[in-house]
Amino acid sequence: WNIVQYVLHQQHAVLQRSLLTPPNTISTKELMMMKSYLSIFLLAAVLVAAVSAFQSSSLLSHHSSKTQRRLHQLHSSPTQPTSTNTPTTSSSSSSSLNSSPAAAISTAIQSHHVAVKTRNIELAIKFYSLLGFHVETKFVAGPARAAWLLHGNPDDDDNHSSVKSRIELIEVPSYMLNEPEGTIKRALDLTKREELLGLNHFCLDVTNCIPKPTNNGDESLISNIDAETTTTSEDGSSSCSLYNLQEWMDDLNKLSISTFGKSMRVALQPTKRIIGRDVYEMAFIYDADGTLVELLNWSGRLEQEVGSGWEPWNGEGFVL
C-alpha cells in the first residue's frame, strides 16, 4: 500500500505539470515517466490484490481445520465408550445419534442446581435441612448472600462424581425488598396464577424415604403395622405397610415443629397419578418463602402397556 500511495503521488504531480504545460512543450522524458508510473501502479495493485486473496484463503483454511479438530475431540471424548470390551448391541438409530456432532457436544451435560430467592437465607437453610440438604458452600453474589445446598452425605468429598441434588439460595437484601413495616414479602403463589409462564416448581423424589410393603413369596402383605414400625424378613429385607406420602409428610411436619417450632405449609395434598405405566403419589408444599416444591413418591407399575401421548383417555383399558 505504501508503494501504491507513492506511485499515485508521483503520477498526480506529473499530471499536474502536464495540465499546466502546453501540449507541444511536454518532453518525451516526462511522457516516459508517466507511462512508467502507470505501469508500476498497475503492477502494485495486482500484487496487493493477490496478497489479500492469499490471506483470506489462509484464514478460512485455519478456521475450518480448527473446527474439524474440535469436533473430532468432542466425538472421541471420554464420555463416549471407546474400549473394545464395550458391548455394541445398541440400535443403529442410537449409534447414529451418538456419533453425530450434536450428540457429542451435549452428552456430558448434567443438571447442576436450581436457584431460589429468599428473604432470609438462614431460615431457608433450616427449612431445606428438613429435606436432607446441607450447606455445601457459602459465597457472595453481588450484594447478596448465597449458598449451595447439597443433598447427601456432608462428609463425601467426591461431590462431582455423579449427579447430585443441589439448590442455590440467594438472599435478596432488605433494601431491595422494600417491605412496608409489619409485612413480609412472599413468592407468588403459582397454584393460583396458572397463566404465568416460566419456571413453575422443582421436584424432590422422596420414594426412598418411604418403605414399601413386600410379600417375600407370600401372598399376604404385612399389614396393621404402625408407621414407625418395621419388620425384618428372613432374607434381611425391611417391610412396612400403611405408610404412604401423607404419613411421611405428617412425620416431616412433626419434625419441623419439634425442631424449629414451625408447621409446614401444604399447597396441594397428596394425590395419585398414572404417568405412562408408573403410578405416583405427588404433593406440593411451600418453602420458607412460598416457592413451590413438589414431593414425588413412586408407588408401583402397571402390568399393561400404556402408550405415550396427549390424547384424552377414552375410558377403556384402565387398570385399578
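Q: What is the strand order in the open sheet of four strands, and which strands are at its edges?
A: Strands here are DSSP runs of E with at least two residues, helices are runs of H or I with at least four, and both are numbered from the N terminus. Two strands pair if DSSP finds at least two bridges between them. In this predicted model, the open sheet of four strands runs β1-β4-β3-β2, and its pairing is mixed. Its edge strands, each pairing on one side only, are β1 (114–118) and β2 (133–141). From one strand to the next, the twist averages 25°; axes are lines fitted to C-alpha atoms, for helices over the stretch in contact, and angles run from 0 to 180 degrees between N-to-C directions.

Q: How many bridges join β2 to β3, and do the two run parallel or antiparallel?
A: β2 and β3 (residues 144–151) run antiparallel and are joined by eight bridges. As for K138, its bridge partner in β3 is A147.

Q: What should be kept in mind about numbering and confidence?
A: Residues are numbered from 1 along each chain as its sequence is written, and side-chain values use heavy atoms, with hydrogens and water left out. Since the model is predicted, local features need pLDDT of at least 70 and side-chain atom pairs count only at pLDDT 80 or more, while totals for chains, interfaces and linings use all residues.

Q: Where is D289, and is it buried or exposed?
A: Buried means under 20% relative accessible area, exposed over 50%, and partly exposed in between (1.4 Å probe, protein chains only). D289 lies in the loop between β9 (278–286) and β10 (292–301), and D289 is buried.

Q: Which side chain of opposite charge is nearest to D289?
A: Lys and Arg count as positive, Asp and Glu as negative, and His and the chain ends are not counted. A salt bridge needs a side-chain nitrogen of Lys or Arg within 4 Å of a carboxyl oxygen of Asp or Glu. For D289 the nearest such side chain is R186, 5.2 Å away, and D289 has no salt bridge.

Q: What does the side chain of D289 reach?
A: A polar contact is a pair of N or O atoms within 3.5 Å; within protein, one must be able to donate a hydrogen and the other to accept it, and residues adjacent in sequence count only if both atoms are side-chain atoms. The D289 side chain makes one with the side chain of T118 (2.5 Å), and reaches the backbone nitrogen of R119 at 3.0 Å.

Q: Where is N178, and is it buried or exposed?
A: N178 is in the loop between α6 (174–177) and β5 (202–205). N178 is exposed, with a relative accessible area of 61%.
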